[in-house]
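Dear colleague,

Please find the structure below, handed over for your own work. My notes on what was found in it follow.

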Amino acid sequence: MSKLAKHSRVSVAESYDTLIKKAKMSSERPHPVQELQAISQQIGHDLDTVEFARHMDSVDPLRQLRQEFCYPKMKTLGSVDQSLVDPEEDCVYFCGNSLGICPKKTREYVTVEVDKWEKTALEGHTNGDLPWAWCDEGLDDQMATIVGAKPGEVSIMNGLTVNLHLLLVSFYRPTQTRYKVLMEGHAFPSDHYAVESQIKLKGYNPETAMILMEPREGEHTLRKEDILQTIEDQGDSIALVCFSGVQYYTGQKFDMEAITLAGQKKGCVVGWDLAHAAGNVEVKLHDWGVDFACWCTYKYMNCGAGCLSGLFIHEKHYNNDYPRLTGWWGHQLSTRFEMDNKFHPYPGARGYRLSNTPGFLCPPIKASLEIFQKTSMSELTEKCRLLTGYLEARIIRQYGYPDKNIQNGNIENGTESINGDSSQGPAKHVYVEILTPSDLSQRGAQLSLSFSVNITQVFKELMKRGVVCDERKPKVIRIAPAPLYCSFEDVHRFMKYLDEALHAAHALE
């Protein structure tokens, strides 16, 4: 470490805090690259050095949260070529957009429930920290804070698509003049299938009832003004606006508040799939007046593959008479066991439950929510903007197209502001385009990378080096450094392995 870096450590940390405070007070917050460059200049280490990454980790107020997780090692991943890495090192886990990693408390809490079953059998329904008969209750209110909901507006049950179907039964109520559904043209397939099937079930033709928004020619993401204009122009025929909070392929975050307001102003119901948003970006479902939402818990919420999902219904709908599918567990506990076949539902989201909650799926949720309670979505968002800004700057510097720059930032490929020549070596002809918007209000933790070379071999080479990410056809590798457990040094290591992977892929051509 340079003398300048040693001398500046305390003052730079203070200046980092000052930057954040000033930016929060400003109506026009600078792009994080500007903040990172200012820190780089003060500590005397360039952005692409490991010393810079380690400094950022040393002043990260959330750095200890990584210790709450079982972070996979290189040696435990079957896809890794151990000769290319240090087997004892942590892998580079940038796949929280697909499956979050395991909280350390998960095994303990699951074991408690197995022991309870072993020793008490039926009594486990009503005993212990998580009585199986109501193990979701209490956890649902904790989860509500993550999506900006009030107690009672969230319930934990089923899988995401099951919950979406339950909500569509109630909230998609087409008429002869208002029967259309507005959604992304490239929505996640399960969402598309659910909406399409509900339209058919209610006697309409998906070809005429589905309005599928597409980006403008030559663009990768949807413009907010185009969505709002479509709502304004066609809103009188739209029964339901149903988007994802964060688009799974591009990583684009939609302006949920503005779209909800515009849709409801035209008389549309507005619902959201928050699969890639819950635990990733700040959401205020109640305050924004969202009608309904659903999400899975195994991505950024780290509850395990196929774990129970969340369902939100705004309190304004508590006493509606919409059609719904009903089951025993939506019946209030106070009269449930009278067995009189007279349905007395819970008000709100719990009234949509069908069957008893799986007792062994609540312990992972408990373990995850305990970690979220040690921070806040605003703190996670703050780290996320710097972490993805750092990754964005490094990618553009090394692999950016000559005519690409960072919107609202100060970094351009090939300029002095990025310090260095990225045209050396066998991979000099490789360019990487970031499909995810640079505008921070339009993204969370995920950056979707598109390569000027075939991605399949690049992806394989990344896996060999312990980079856990995912490939999505036709041309994207999704990279998601989740702020709960990822570090700036992880980003630095990723860039090293990416360069190695590109060189290896080039050699195989």
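Is cysteine 307 buried or exposed? At 3% relative accessibility, cysteine 307 counts as buried, where buried means under 20% relative accessible area, exposed over 50% and partly exposed in between, with a 1.4 Å probe and protein chains only.

Please keep in mind that this is a predicted model, in which local features need pLDDT of at least 70 and side-chain atom pairs count only at pLDDT 80 or more, while totals for chains, interfaces and linings use all residues. Residues are numbered from 1 along each chain as its sequence is written, and side-chain values use heavy atoms, with hydrogens and water left out.

A search of the whole structure finds 0 disulfides, a disulfide being a pair of cysteine sulfur atoms within 2.5 Å. For cysteine 307, the nearest cysteine sulfur is that of cysteine 303, 5.1 Å away. Cysteine 102, which is partly exposed with a relative accessible area of 38%, has its closest cysteine sulfur in cysteine 70, at 4.7 Å, and this is too far for a bond.

Aspartate 470 lies in strand 14, residues 470–472 (strands are DSSP runs of E, at least two residues, numbered from the N terminus), and counts as buried because its relative accessibility is 6%. Leaving aside neighbours within four places in sequence, aspartate 470 is in contact (heavy atoms within 4.5 Å) with residues including Cys95, Phe459 and Arg478.

Best regards

Terms used:
Helices (H or I, at least four residues) and strands (E, at least two) are DSSP runs, numbered from the N terminus.
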